[in-house]
Amino acid sequence: MGQLVQSDTIIGADDRILVTGATGFIGVRVVRSLLALGFRNVRCFSRPSSPASKVQDLLQLGGNGNHVEMVTGNLLSRQDCKAGTEGASVIVHLAAARGEKSIPDAFMNSVVTTRNLMEAGAANGCLKRIVNVSSFSVYSNRNKPERRMLDENCPVDRHPELRGDAYTFVKVKQDEILAEYAQRLGVPYVIVRPGYVFGPGNPGISGRVGIGTFGIFLHLGGSNKIPFTYVDNCADAIALASVKQGIDGEVFNVVDDDLPTSRKFLGLYKKNVRPFRSIYIPHFMSYALCYLWERYSDNCHLHITGGFGMGIGKKPVIPMTN
Ligand SMILES: NC(=O)c1ccc[n+]([C@@H]2O[C@H](COP(=O)([O-])OP(=O)(O)OC[C@H]3O[C@@H](n4cnc5c(N)ncnc54)[C@H](OP(=O)(O)O)[C@@H]3O)[C@@H](O)[C@H]2O)c1
């Protein structure tokens, strides 16, 4: 990626950029992309429990005029947020709960953390933008014209609590809290929504392709195109969204060109990564299975959301954490 013209960016090369979730799958690459763009002052926020190898990878990116600094803490702590955001002109917010099954845990590590970060960032007096890394999972397939591509104009799920998926629920709530606090605190923001991010470090197969269950892989995607983005391309997009002028308030979906269909991807995966057995489930059959599953889980979702003091249609009450 080439260097950016300074007049095209909201900050100078030596202004501080804070990257949260810097030791994560995408985070390390985002730091690399920012440095490749010519930004020389990057602060990386990580938890004490973050893998030491990732911390080493980040520290090695310093030198040659690049200042890469590690700050350790937890975004649930307002004190740690204050220390992390000190002097930051841009915050690239990648930290989030991934793979959490529990809604309260996911909510704490994605939504409460975002609020704490925004409050601390706004108070530092020099914040010019926060970039929130959201997800395709926030979009609803309802009311989408037949076969229309999932783009930034598609509606966001208004009832994520009904999906019974902690990740989707908290990503919607994270975007909501971002917009609410941005307005309240006067902080400009940009939202980036990557599709399914693949590359070294993430050997999994997207649920959009199918699911492995009882030792067999059910291939559901068929001829659907899967919204993949290679991790380095995704990181470049996030880095650009962090510094480009004139994009405040925008949402950007990130996918690669020439997307493969689910069928093509599965064939390539079996050939190049590992062979395994799969059964293709045609759309009408998966639709019927989903219908039955939805009926079954109808009885469960009230139980799940009710446990965190959030009834359907009610606004969640954010716990105060220091
Ligand atoms: N991977 C994908 O396919 C994909 C697709 C769309 C969107 N996204 C979004 O992209 C972002 C980055 O994803 P990723 O795949 O890089 O995730 P990841 O590898 O799981 O990294 C998440 C990072 O967040 C940190 N974190 C979590 N809770 C924290 C807290 N309370 N305080 C401080 N740090 C905390 C984790 O720290 P530890 O290292 O200590 O655990 C980790 O470094 C997320 O917002 C995710 O929702 C990812």
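Two strands pair if DSSP finds at least two bridges between them. In this predicted model, strand β6 meets that condition with strand β11 (residues 251–254), to which four bridges join β6 in a parallel arrangement.

## Strand β6 and its partners

Strand β6 also pairs with strand β5 (residues 129–133), again in the parallel sense and over four bridges.

| Strand | Residues | Pairs with | Bridges | Sense |
|---|---|---|---|---|
| β5 | 129–133 | β6 | four | parallel |
| β11 | 251–254 | β6 | four | parallel |
| β9 | 216–219 | β12 | three | parallel |

Why is strand β6 described as largely enclosed by the rest of the structure? The reason is that six of the six residues of β6 (residues 189–194) are buried. In a regular strand, the side chains alternate between the two faces of the sheet. In β6, the residues Y189, I191 and R193 point one way, V190, V192 and P194 point the other way, and all are buried.

## An open sheet of three strands

Another sheet is open and contains three strands in the order β8-β9-β12, with mixed pairing. Its edge strands are β8 (210–213) and β12 (278–280), each of which pairs on one side only. From one strand to the next, the twist averages 25°. Within this sheet, three bridges join β9 to β12, and L218 has I279 in β12 as its bridge partner.

In soluble globular proteins, nonpolar side chains tend to be buried together. The largest nonpolar core of this model has 73 residues, and V19, V30, V31 and I238 have the most contacts inside it. Beyond its neighbours within four places in sequence, V30 is in contact with V19, V92, L94, A235, I238 and A239.

Helix α1 (residues 27–36) includes L35. Is L35 buried or exposed? L35 counts as buried because it has 22 C-beta neighbours inside 10 Å, and the cut-off for a buried residue is 20 or more. When neighbours within four places in sequence are left aside, L35 is in contact with V42, L61 and N66. The C-alpha atoms of L35 and N66 are 7.3 Å apart, although the two residues are 31 residues apart in sequence.

## The surroundings of the ligand

Around the ligand there are 26 residues, of which G21, G24, R47, A96 and V197 come nearest. The elements giving two or more residues to this shell are α4 (103–123) and β7 (196–198). By class, the shell has 12 nonpolar, 12 polar and two charged residues.

Definitions and conventions:
Residues are numbered from 1 along each chain as its sequence is written. This is a predicted model: local features need pLDDT of at least 70, side-chain atom pairs count only at pLDDT 80 or more; totals for chains, interfaces and linings use all residues. A nonpolar core is a set of buried Ala, Val, Leu, Ile, Met, Phe, Trp, Tyr and Cys residues joined through C-beta atoms within 7 Å. A residue is buried if 20 or more other C-beta atoms lie within 10 Å of its own, exposed if 12 or fewer, and partly exposed in between; C-beta atoms are placed from the backbone. Two residues are in contact if their C-beta atoms, placed from the backbone, lie within 7 Å. A residue is near a molecule or strand if its C-beta atom, placed from the backbone, lies within 6 Å of it. Ala, Val, Leu, Ile, Met, Phe, Trp, Tyr, Cys and Pro count as nonpolar, Asp, Glu, Lys and Arg as charged, and the others, Gly among them, as polar. Axes are lines fitted to C-alpha atoms, for helices over the stretch in contact, and angles run from 0 to 180 degrees between N-to-C directions.
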